[in-house]
Amino acid sequence: MAKRKATPQAWAGIRHFKPVDFQCQCGNCAGKDIPISMAVVKKLDAIQEATAVPIQIILGCRCQAAQDRKNGGKSISAHLPHGDEGEATAVDIICDTVQDRAKLLHAAFIQGFTFIGIGFNFLHLEIGPTTTKPRVWLYRHGKRVEG
Ligand SMILES: [Zn+2]
């Protein structure tokens with residue numbers, strides 16, 4: 001995994017979010033690196049700009065320790081730092097009305113999020129691998145269902 005470059009200036013153009021909004025919430029790694037992909041941040045910022053829906057982030061990055069605790073063992077997630085850049089490539093946001101779902105999904109497609117999960121009260125927005133076709137999945141009993 002490549003070491004990430006610190007890019008504080010990358011946040012200068014972001015209007016609606018701060019790095020802390022994307023940090024792991026486990027309480028053990030706060031204040032350390034926040035390895036969120038700036039491409040995710042920029043797309044989410046553009047979605048906020050394009051919609052009147054006040055976006056609330058549920059989850060940006062998650063550290064491996066927190067991921068392992070949640071799932072009771074090793075597992076993978078786009079919220080973990082991964083890939084060549086060592087970055088998290090997904091964000092979960094609150095979405096719990098039919099109107100917000102329509103607005104946020106429309107904007108998310110325009111922004112080019114290619115892996116989208118629709119939960120009962122949230123959306124998972126992810127930049128999938130460029131080698132994989134776009135996909136949209138649902139959640140049932142907390143588990144991803146691709147159907
Ligand atoms: Zn953590």
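**Strand pairing and packing**

Tutor: Strand β3 (residues 115–118) runs parallel to strand β5 (residues 135–140), and 4 bridges join the two. Strands here are DSSP runs of E of at least two residues, helices are runs of H or I of at least four, and both are numbered from the N terminus; two strands pair if DSSP finds at least two bridges between them. Within this pairing, I116 has V136 in β5 as its bridge partner. The model is predicted, so local features need pLDDT of at least 70 and side-chain atom pairs count only at pLDDT 80 or more, while totals for chains, interfaces and linings use all residues. Residue numbers start from 1 along each chain as its sequence is written.

β3 also pairs with β4 (residues 122–126), antiparallel and through 4 bridges. E126 is in turn the bridge partner of A90, which belongs to the pairing of β2 with β4: 5 bridges, antiparallel. Beyond that, β2 is joined to β1 (residues 57–59) by 2 bridges, again antiparallel, with L59 opposite D92.

β2 (residues 90–94) has 4 of its 5 residues buried, so the rest of the structure largely encloses this strand. A residue is buried if 20 or more other C-beta atoms lie within 10 Å of its own, exposed if 12 or fewer, and partly exposed in between, with C-beta atoms placed from the backbone. G73, in the loop between α2 (64–71) and β2, is exposed, with 8 other C-beta atoms within 10 Å.

Against the buried side of α3 (98–111) lie α1, β3 and β4: the buried residues of the helix pack against these elements. Those residues are L104, A107 and A108. They fall within an arc of 105 degrees seen down the axis of α3, so they line one face of the helix; the arc is that of the directions from the helix axis to the C-beta atoms. The face turned away from the buried side carries the exposed residues V98, Q99 and I110. Just after α3, G112 takes a positive phi of about 90 degrees.

The largest nonpolar core has 25 residues, and I36, V91 and L125 have the most contacts inside it. Such a core is a set of buried Ala, Val, Leu, Ile, Met, Phe, Trp, Tyr and Cys residues joined through C-beta atoms within 7 Å. The elements that give two or more residues to this core are α1 (38–50), β2, α3 and β4, and the largest share, 4 residues, comes from α1. I36, leaving aside its neighbours within four places in sequence, is in contact with F22, V41, G60, C61, E87 and A88; contact requires C-beta atoms, placed from the backbone, within 7 Å.

For the setting of these parts, the protein has 3 helices and 6 strands. Its radius of gyration is 15 Å, close to the 15 Å of the globule rule for 147 residues, so it is as compact as a globular protein of that length; the radius is taken over C-alpha atoms, and the rule is 2.2 Å times the number of residues to the power 0.38. Of the 147 residues, 27% count as buried.

Technical notes: Contact = placed C-beta atoms within 7 Å.
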